[in-house]
Amino acid sequence: LITTLLIFYFAIFFGYGRTLDNNGLINFFKNSFFNSFYYDTAIWINKHLPDNVKIGGFESGIVGYFTEKHNIINLDGPQNIGALHALEEHRVMGYIRSEKINYIFGQGVILKNQLFQASKNPPVDGELILVGRGGTSGGENMLIYKINSTIKTSESNK
């Protein structure tokens, strides 16, 4: 068993797909169809979004690891207790507004559910502007939206 684990460890961490891409990032995950979904999203963010902006993400772990000069904020787990409470209380968009997050990303189905269907404070017309599509997996895109903070919401009137 120990020999098998050692072989697995060396194969994964010292060979399998561990090369630098033209962005200077280790593309360890690039060879995995599923993980390239997140990797490709990180590359899109690195190339197209301004540095040092707040970016909220659902399933943000790998994307956060591979982005370079961006503040990635986890929107769906216990790593961010404020976001976790917002999810439990169905007020994710309110949390995004209060934290002054500039962009969000996530799978279309997750965004639709968390921001619209299960939300007490969904985005208003014109508040989310689709700016790009990151990785693709199984026909599903990772969508990237800019938050239009100039739009008036019921929360901004409080």
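The structure is a predicted model, in which local features need pLDDT of at least 70 and side-chain atom pairs count only at pLDDT 80 or more, whereas totals for chains, interfaces and linings use all residues. Residues are numbered from 1 along each chain as its sequence is written, and side-chain values use heavy atoms, with hydrogens and water left out.

The protein chain has six helices and five strands, these elements being DSSP runs numbered from the N terminus (H or I with at least four residues for helices, E with at least two for strands). Read from the N terminus on, the order of the elements is α-α-β-α-β-α-α-β-α-β-β. Of the 158 residues of the chain, 43% count as buried, where buried means under 20% relative accessible area, exposed means over 50%, and partly exposed lies in between, with a 1.4 Å probe and protein chains only. The accessible surface of the protein chain comes to about 9,000 Å², and carbon and sulfur atoms account for 57% of that surface; such areas come from the Shrake-Rupley method with a 1.4 Å probe, and for residues only the protein chains shown count as cover. Among contacts (heavy atoms within 4.5 Å) between residues at least 6 apart in sequence, 52% join residues at least 24 apart.

A nonpolar core is a set of buried Ala, Val, Leu, Ile, Met, Phe, Trp, Tyr and Cys residues joined through side-chain atoms within 4.5 Å. The largest such core has 18 residues, of which Leu 75, Ile 96, Ile 104 and Leu 115 touch the most other members. Two or more residues of this core come from each of helix H4 (81-88), helix H5 (92-98), helix H6 (108-117) and strand S5 (140-147), and H5 gives the most, with four residues. When residues up to four places away in sequence are not counted, Ile 96 touches Leu 75, Ile 101, Ile 104, Leu 115 and Ile 147. A second, separate core has 17 residues, among them Tyr 38, Ile 43, Met 142 and Ile 144.

Ala 83 lies in helix H4 and is buried, with a relative accessible area of 2%. Leaving aside neighbours within four places in sequence, Ala 83 is in contact with Asn 74, Leu 75 and Tyr 95. The C-alpha atoms of Ala 83 and Ile 73, which are 10 residues apart along the chain, are separated by 8.9 Å.

In helix H6, the residues Gly 108, Leu 111, Gln 114 and Leu 115 are buried. Seen down the axis of H6, the buried residues fall within an arc of 145°, so they line one face of the helix; the arc is that of the directions from the helix axis to the C-beta atoms. Val 109 and Gln 117, on the other side of H6, are exposed. The cover over the buried residues of H6 includes H4, H5, strand S3 (103-107), strand S4 (128-137) and S5.

Rings of Phe, Tyr and Trp (its six-membered ring) pair if their centres lie within 6.5 Å, and planes under 30 degrees apart count as stacked, over 60 as edge-to-face and the rest as tilted. By this rule the count comes to three aromatic pairs. The rings of Tyr 39 and Phe 66 have centres 5.1 Å apart and planes at 80°, so this pair is edge-to-face. The pair links distant parts of the chain, with Tyr 39 in helix H2 (residues 33-48) and Phe 66 in helix H3 (residues 61-66), 27 residues apart. Tyr 39 counts as buried at 2% relative accessibility, and Phe 66 counts as buried at 3%. Tyr 65 and Phe 66 also form an edge-to-face pair, at 4.9 Å centre to centre and with 85° between the planes, although Tyr 65 is exposed, with a relative accessible area of 62%.

Side chains of opposite charge can pair when their charged atoms come close. A salt bridge is a side-chain nitrogen of Lys or Arg within 4 Å of a carboxyl oxygen of Asp or Glu, and a search of the whole structure finds two. Glu 89 forms one with Arg 91, the closest N and O atoms being 2.5 Å apart; Glu 89 is partly exposed at 37% relative accessible area, and Arg 91 is partly exposed at 31%. The side chains of Arg 97 and Glu 127 also meet in a salt bridge, at 2.7 Å from N to O. This pair links distant parts of the chain, since Arg 97 is in helix H5 and Glu 127 is in the loop between H6 and S4, 30 residues apart. Arg 97 is buried, with a relative accessible area of 16%, and Glu 127 counts as buried at 3% relative accessibility.
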